[in-house]
Amino acid sequence: MSDFIDILLTAGFWAATIRIVSPLIFGTLGELICERAGVLNLGIEGIMTVGAMSGWMWVYQGGDLWGGVLFAASMGAVFGLLHAVFTVHLGLSQHVTGIGITLFASSLSYFVYRMLLPDATTPPKIVPFKPIAVPWLSDLPIIGEALFSQSALTYLALALVPMVWYVLFRTPVGLAVRMSGENPVAVEAQGINVLAVRTGAVMVGSAFMAVGGAFITMSWFDAFYFGMINGRGWICVALVIFASWRPGRALLGALLFAGLEAIQVRAQQSAGAFIPYQFFLMLPYVMSIFAMIVMARKTRYPQALLVPFRRGERV
Amino acid sequence: MLGENGAGKTTLMNILFGHYQADEGDILVDGEMLPPGSTQAAISAGIGMVHQHFTLADNLSVLENITLGTESMWSWHHDQASSRQKLAGLIRDYGLVVDPDVLVADLSVGERQRVEILKALYRDARILILDEPTAVLTPQESERLFATLKSMTAKGLAIIFISHKLHEILAVSNRIAVLRRGAIVGTLETAASTREQLAELMVGRIVTRPRLSAVKPGERVLEISDVSTGATGAAELKNIDLVLHQHEIVGIAGVAGNGQGTLADILSGLRKDFSGSVLLNGKMLDAGNPRAIVASGVGRIPEDRHARGVVADMDIWENLISEDIRSDAMCRAGFIIDGNRARARAETQIKQFDVRCKGPNAQTRLLSGGNMQKLILARALSNSPSFILANQPVRGLDEGAIAYVQEQLLEARKRGAAILLISEDLDELMALTDRLAVMSHGRLSSALPTGERSIAEIGLMMAGHDDRGEANMGSLTNGH
Amino acid sequence: MVIEPRESVSVWRAGLAPVWAILASLIICAALISWAGASIPKAYFLLFKGAFGSAFALNETLTRSIPLIFTGLAVSVAFRAKFYNIGAEGQLYAGALAATFFGTGLITLPPVLMVPFLVVMGALAGGALLLIPVLLKTHMKVDEVVTTLLLNFVVLLVVSYLIEGPWKDPASLGWPQAASIIDEGVLPTLLAKGRLHFGLIIALFMAVIIWLMMRFTVQGYEIRAVGHNARAAAFSGINVNRTVIMTAMVSGGLAGIAGVSETAGLKGYLTLDLSPGFGYTGIAVAMLAQLNPLAVVPAAIFLSAVYVGADAMSRAVNIPTYIADVLVGVSILAVLCSVMLSQYRIRWRA
C-alpha cells in the first residue's frame, strides 16, 4: 500500500497520466460530439488508427508536425463524412456502419503503411512533438513537471475541453447539435437542416478522434505499428456514457482511466513478481465495463441517439 | 380546415411551411410569392406552425427550445438577456404562462402546447397553423385555447385551425375549408353551416356512424376490484373498481397519461405488479401472461398498432398467429410451427375481416392503417372472445375504416361480449357506449349510463385534480 | 434526395444484393491494386487461382472457411434479435480455452464421445462468456456493443496469461502455447492430403440446424419478432428478455465451437494467434448472407477465398495482404447499401 502512495506522489506518475489522457480526451470529446447530435460513431477505433498513420506518415514523408496534425484531422473528417453518408443520409444501421468503418479504416491504414514502407521490419521513427516547458509554471514541484511540461498537443487537448463545452452549451450551433440529438423534428421545424447539422457534428467529432490517434504516433511514441490503438477507441465510447455526454465529466473520467493505466505500468514494476502483467493490462477494459454499468441506470440518453431522421417523415 | 384522416390536411400545411414541395401551383403571402420548399422562407414570411406531435426536446429547457434557430448559426454567443425579455413580453401579451428555465420533460401537456405556440410567436408569426391541437386536451383546456386564439385574431393574426372534429371547427372558426381526398370541396362561412352539411362534404356521402341498439346487459364478465399500482405518479392506478357485463360497451374517457395505459397494460397481460383483483368470468386473471389471457377469452386491440399491434416486417399470417403460436392448434411437438394450418386460417380471417392485401404471405408493412387495424381485429375477434379491450381503436383511421371497426365492436356486443372502450374522442364515447366512466390522475369514476353526465361535467372530471387545485374527484365512489 | 420504400421487394433483388456489394468492393479494391502498380486483371486472376486454382488451394480455402461459418452463424443469429454481438472473437477463444482445459488429458473418452464432449464444452464456454453482456443488457440496459468488444481484449489477455504461465506446454521449446489436444479429441481430417478436417461437417450441420430453427420453430419466430419489434413481441406474449438471453447463448455457443474447431481440428493446440480476427470477419459473413444461416456457408467460403487468395497473390505480386481486410471492411459497408437499395428507392428532387 505504501508503494501505491509513493507512486501517487511522484511527478513522473502524474506526467504519465496527463500524457496518457490526451488521446482519450480527443477520442471521448469526438465521440461525445457525434452522440450529442444523435449518431453513435463506432468507427472511432478505425478513425484513430487512420489519424495515427496519416499524421505520422505526413511527417515521415518530410512534412512538419502541425501539418501532420491537420492532415490527420482532415483524414478523420473524411471518414466521418463516409459514416455520415451511411447513417445520416441513408439511415443505415449505425452499429454495423461503425464496425464496417473501423475494419475498413484500420485495414486501409495498414495497407497504405505497408505500401509506402514495404521493407521496414523495425518501425522507422520520426521526430515527435517535444515537451514544451511553460516558463516559470513548469518549475513548480510535481505539478510543474506533470502539467506544464507537456507537448503542445496535450495543451491543445486540455484547452479543447472548455471550448467544446462552450460551443455546445453557449452557442446557437451547439444548441442545434444538441437538439438534433434530442428531437430532430423540432430542428427541422425551424428550417434548420438536420442532416447538415448531424453530418457536420460527425465530421468534427471524427477529426478530433483522428487527432487523438495522431497524438499516439506523433507525441507519445514516435513510430507507427500495428494494433497500436489497442481498444482505446472503445474505451472512449464507454467513457462518453460514463460522462453523461458532458465535456467536463469526460475529462474526469478520462483522467481516472489514464491514472489507472499509469499506475499499472508502475505497479507492474513493483508487484510484477506476484501478479502477472496481463491482469494489469486488463484493468482499463474491465473498468470501462464497470463504468458503463454504474452509469446505466442514471443517464439520460440523448433521446434521438440511434434514430435515423428521414426528412419530411411525420409520425 | 376540416377533413378526415388521410384527406391531405397535414400535407397541405407541410407544403405551406416548407417541409414538402408542391409539384404545381404557387403560394402568395401578402401578395409576394413564397419560395417553395424552404422552412426558413416560410418563417420569414411570418408563417408559424404548431405541429400535431410536439416538436420539443424533453431534456432541454423552455427557453432553449424556443430560441433554437432564431440566432445566426455562426454567432459566437447566445444573447440570453434579450431572448428572455422578448419571451417575457409575449407571455404577458398573450397570457401563455410558462417558466422559461424549466425542462420540457417536467411540463404538462397543456403547458407544452403553450411553448409550441410561443415558439411561433417568438418568430413574429402573423399566420399561425395549428394541426389538431385539441387531440390531447380536456374540454376545458380546449376552451381556453379557443379563447387564446380569438384574442390572437383580435390582435391581427390569421389562424389556420386543422381538425377532423366538427364541433370544434364550428366553435372556433370564422370560415371553413373542407378538404377531401386532396381537394378542397367547399369553403363556407361558419355561421352558415351545419354539422350534417360539413360531415357530408368531408366524407362525400351521407355519413352514418353506427348507432347503439338497446340490448340488455347479461352476466358479469370482468370484475376489477380495488386495483392499485404501487408507485406514485399521475399514470399510476389508485383503487380502481369496474364491472363489465355481457352485451355492453363501457367507455373510459380521459386525457392520455392518466392511467388508461396502465389499466390497459394490466388487462393485456403486460403488467403484473398491482394489488387488488381482476376476475374474468369468475376466474383470476393470469396476470403478466398475455397468451394465457388471450386463451381465456380476451381480445385486445392495442393503442398503437405500429408500435405494439403488429411486427411490420413479418408476413401477415405470422402476425395473425402471434398470440396463439404456442397453442396445440398452431404448433406441433411444442416447437414446430404448423405453417399450412396457420396460413389456411389466415386466409379465412383475411376474407372474413376484409383485409385488403395480396394474401397471407404478403408483408404486413405494406398494409394501410385501416387494413392493419382490420388485421388486428381479425386476430382479436376471431375466437369470439368474451371480453374485448379496445384502446383508441379508430385513431388515425379514415371514415370508412372507422365505421367498419365500430360495426365490428357493436356486432361483438350483440353476440354477448363485454367491451371496454378507451378513447380520447368524447364524441365516439358518447355515441358508442352503454356506460361511461372518467379516468383522471389514476382514479376511475363510477361508470354511469351514457348521457347521464353532460360533456361539461365529463370535461371537469377529466381535469380532476388539475392545476386548479379543486377536489372535483372527491365524490368518486365504487362504480358498478 | 428522398428515400421511399419500394412497393414490392422481388426475391431476385434481395438475393442479388450481396453480389452487387461484392462487385462494388472488388472495384474499390481494384483501385488499391492499381496503385500498388499491379495489373488489375492479373491480380484478381492470381487471387482466384490462389483460392481455387488447385486441389491444395481449394482444400485451404475450405479449411479456413470453417471458423468463418461458425462465427458467421453466431453473428447472424444474434443480429436477428438485434443483439449486436461483436464479441465472437472472445467467445471463440473461450471455446478454445474449454477445449484445452478438457481436452489435454484431464478427461479421456473414446473419440466418438470425446469430440462431441469438447464441442459441447466449447459451446458452453462461449455462451457463458456472452452471458455477462447479455444479462447486463436485459437487466441494466447496458449497450452490448461496447461490452462484448471490451471483453474480447480481456479474454485475449487471459489466454496470454494462461499459455505463458500455468498452461504452458513444456514440450514446446519456449514458444508460448498450451499442451496439445489428445488424440481422441482431435477432429479427423477429411481427405488424405491437406488440412481440411471434420469441423467442416459440424459447421455445415450447424448451418442447417440453425436455418431450420429460425424458419420453422417457435423459438426462431420469437427471435425474429424480438429483433424486428420488441414491443410488439412483448405485447403478443413473447418473453423478450428470455428470448434475447437464449439467442445470446446460441450465438456465443456457435462462436465457442469455432474455437474448438480451430484448436482440436486445425492447429492441435492453443496459441495466442489462433484467430486472426475470425470474430470480426464473421460480421462481414453474416451481413453478406443477410443473416440467412444457409447463405452463411457460401459467404464464408467467399471471404475465406479472399484471404487465401490474397496470401498467394501477395507472394506473386507486391500487394500487402491487408488488401483482404480492406475488402472485408468495404463489403460490410457495400452490403448495407445494396440491401437498402433493394428495399428502398432513392429519388433525386429537381
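Guide: What follows is a set of questions about labels, each answered from a definition and a value.

Visitor: What should I know before we start?

Guide: This is a predicted model: local features need pLDDT of at least 70, side-chain atom pairs count only at pLDDT 80 or more, and totals for chains, interfaces and linings use all residues. Residues are numbered from 1 along each chain as its sequence is written, chains are lettered from A and ligands numbered from 1 in the order in which they are written, and side-chain values use heavy atoms, without hydrogens and water.

Visitor: What makes residues 11–36 of chain A a helix, α2?

Guide: Helices are DSSP runs of H or I with at least four residues, strands are runs of E with at least two, and both are numbered from the N terminus. Helix α2 of chain A has 26 residues. Its first and last C-alpha atoms are 36 Å apart, close to the 38 Å expected. The expected span is 1.5 Å times one less than the number of residues.

Visitor: Where does α2(A) bend?

Guide: At S22(A), by about 30 degrees. The bend is the angle between axes fitted to the seven residues ending there and the seven starting there. A proline, P23(A), follows within four residues. After the helix comes G38(A), with a positive phi near 105 degrees.

Visitor: Why is α2(A) called largely enclosed?

Guide: Buried means under 20% relative accessible area, exposed means over 50%, and partly exposed lies in between (1.4 Å probe, protein chains only). In α2(A), 23 of the 26 residues are buried, so the rest of the structure largely encloses this helix.

Visitor: How do you know that α4(C) is mostly covered?

Guide: Of its 16 residues, 15 are buried. Helix α4 covers residues 88–103 of chain C and reaches 22 Å, close to the 22 Å expected. G105(C) follows α4(C), and its phi is positive, near 125 degrees.

Visitor: Why is A256(B) called partly exposed?

Guide: Its relative accessible area is 38%, so A256(B) falls in the partly exposed class. A256(B) sits in the loop between β10 and α9 of chain B. The C-alpha atoms of A256(B) and V109(B) are separated by 9.4 Å, yet the two are 147 residues apart along the chain.

Visitor: Why is Q113(B) called buried?

Guide: Its relative accessible area is 5%, so Q113(B) counts as buried. Q113(B) belongs to helix α5 of chain B. Its side chain reaches the backbone oxygen of P133(B) at 2.7 Å. Beyond residues up to four places away in sequence, Q113(B) touches F54(B), P133(B), L137(B) and L145(B). Contact here means heavy atoms within 4.5 Å.

Visitor: What makes E132(B) and K9(B) a salt bridge?

Guide: A salt bridge needs a side-chain nitrogen of Lys or Arg within 4 Å of a carboxyl oxygen of Asp or Glu. For E132(B) and K9(B), the N to O distance is 3.8 Å. E132(B) is in the loop between β4 and α6 and K9(B) is in helix α1, so the pair ties together parts 123 residues apart in sequence. Both E132(B) and K9(B) are buried.

Visitor: How do you know that E323(B) and R300(B) form a salt bridge?

Guide: Their side chains meet at 2.9 Å, N to O. E323(B) lies in the loop between α12 and β14 and R300(B) in strand β13, so parts 23 residues apart in sequence are tied together. E323(B) has 6% relative accessibility, so it counts as buried. R300(B) has 1%, so it counts as buried too.

Visitor: How many salt bridges are there over all chains?

Guide: The search finds 33.

Visitor: How do you know that chain C and chain B touch?

Guide: 22 residues of chain C are in contact with 29 residues of chain B. The two chains bury about 2300 Å² between them, 55% of it on carbon and sulfur atoms. Buried area is the accessible area (1.4 Å probe) lost by two parts on being put together, summed over both. V218(C), Y221(C) and F235(C) supply 34% of the area that chain C buries against chain B, more than any other three residues.

Visitor: Which salt bridges cross this interface?

Guide: The rule finds 3. One of them joins E222(C) and R326(B), at 3.0 Å, N to O. On the side of chain C that touches chain B, α8(C) gives the most, with 7 residues.

Terms used. A polar contact is a pair of N or O atoms within 3.5 Å; within protein, one must be able to donate a hydrogen and the other to accept it, and residues adjacent in sequence count only if both atoms are side-chain atoms.
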